[in-house]
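Subject: Structure handover

Hello,

Here is the structure for your set-up work. My notes follow below it.

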Amino acid sequence: FADVSEIPAFIAAERADKREEEVPFLTTVLSVDKETNMGLISDVKQKLREVNALKINYKTRKGDALQSLNQ
């Protein structure tokens, strides 16, 4: 876990650790609990936009999507 303000430095460090030709293919994965405040997710996404980390994947738990909607 980290503070939202630490995201740009983290992304920069990850990019620096990769070969230059790999950088355009990097994807950020957000593993978000259903109890997470949407404001926090918006803040994280804004920081990612600021450093041009635009490929985002959302990690979810296994299950039936339709069943989750009915809960």
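Glu14 and Lys18 join their side chains in a salt bridge, 3.8 Å from N to O (a salt bridge is a side-chain nitrogen of Lys or Arg within 4 Å of a carboxyl oxygen of Asp or Glu). Glu14 is partly exposed at 31% relative accessible area, and Lys18 is partly exposed at 30% (buried is under 20%, exposed over 50%, partly exposed in between; 1.4 Å probe, protein chains only).

This is a predicted model: local features need pLDDT of at least 70, side-chain atom pairs count only at pLDDT 80 or more, and totals for chains, interfaces and linings use all residues. Residues are numbered from 1 along each chain as its sequence is written, and side-chain values use heavy atoms, with hydrogens and water left out.

The mean pLDDT (the predictor's confidence in each residue, 0 to 100) is 89 for the protein, and 87% of the residues score at least 70. Helix α3 (residues 65-69) has the lowest confidence, a mean of 60. Helix α1 (residues 7-16) has the highest, 96. Helices are DSSP runs of H or I, at least four residues, numbered from the N terminus.

The structure has four salt bridges in total. Arg19 pairs with Glu22 at 3.6 Å. Arg19 is exposed at 52%; Glu22 is partly exposed at 30%. A salt-bridge network links Arg19, Glu21 and Glu22. Glu50 and Lys47 pair at 3.5 Å, N to O. Both sit in helix α2, three residues apart, about one turn of the helix.

Val44 is in contact (heavy atoms within 4.5 Å) with Val4, Ile7 and Leu30, leaving aside neighbours within four places in sequence.

Best wishes

Conventions
Helix = DSSP H or I, 4+ residues; strand = E, 2+ residues; numbered from the N terminus.
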